[in-house]
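Please look over the sequence and the model shown here before reading on. The briefing that follows is grouped by topic.

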Amino acid sequence: MLVCDRVDHEPVRGTSDLIGVFHAIRVRAFPATSPPFSIFVQLTDGRGSPRFDLTIHYLPKDSIEPQFVGTSSFRLAFVDPPIPPIHEAQFLNGVDLPDAGDYLVSLAIGDTILLQRYFVARLTG
């Protein structure tokens, strides 16, 4: 699971080019709205066509309670086990960034978290 500016898909070759992979979003002031971005997911060893929930939470430094920022739900069909399915979750309008700090991206099926990663929101400069 990678966070990037966008994903260019080439259906003839069957490839996906991740453009602008990043771990930090820089803005001029908080609160802010992030620029548009995508989260690229490629999974292996699945069965069936489960529903996945991708969520983004802000993790405030002064609280143990994460703040919900955004979500995307989708299904992936595991049809041919040697060929792992891919999905691009697009946040074309960006997401709200209440403050500087860590943002947790989680991918789950029901209550089972499969993958997690962080990105950081910072002031430019």
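Predicted model: local features only at pLDDT ≥ 70, side-chain atom pairs only at ≥ 80, totals over all residues.

Residues are numbered from 1 along each chain as its sequence is written, and side-chain values use heavy atoms, with hydrogens and water left out.

**Residue I56**

- I56 lies in strand β6, strands being DSSP runs (E, at least two residues) that are numbered from the N terminus, as are helices (H or I, at least four).
- I56 is buried, with a relative accessible area of 0%, where buried means under 20% relative accessible area, exposed over 50% and partly exposed in between (1.4 Å probe, protein chains only).
- Not counting residues up to four places away in sequence, I56 touches F37, I39, Q67, F68, V69, G70, F91, V95, Y103, L104, V105 and F119, contact meaning heavy atoms within 4.5 Å.
- The C-alpha atoms of I56 and D17, which are 39 residues apart along the chain, are separated by 23 Å.

**The sheet**

- An open sheet of mixed pairing is formed by 5 strands in the order β3-β11-β10-β6-β7, two strands being paired if DSSP finds at least two bridges between them.
- The edge strands of this sheet are β3 and β7, each of which pairs on one side only.
- β6 and β7 pair in the antiparallel sense over 8 bridges, and T55 stands opposite T71 in β7.

**Strand β10 and its partners**

- Strand β10 (residues 101–109) is largely enclosed by the rest of the structure, because 7 of its 9 residues are buried.
- Strand β6 (residues 51–59) runs antiparallel to β10 and is joined to β10 by 7 bridges, with Y103 in β10 as the bridge partner of Y58.
- β10 also pairs in the antiparallel sense with strand β11 (residues 112–123), over 9 bridges, and the bridge partner of I109 in β11 is T112.
- β10 and β11 form a hairpin with 2 residues between them, and G110 in the turn has a positive phi of about 60°.
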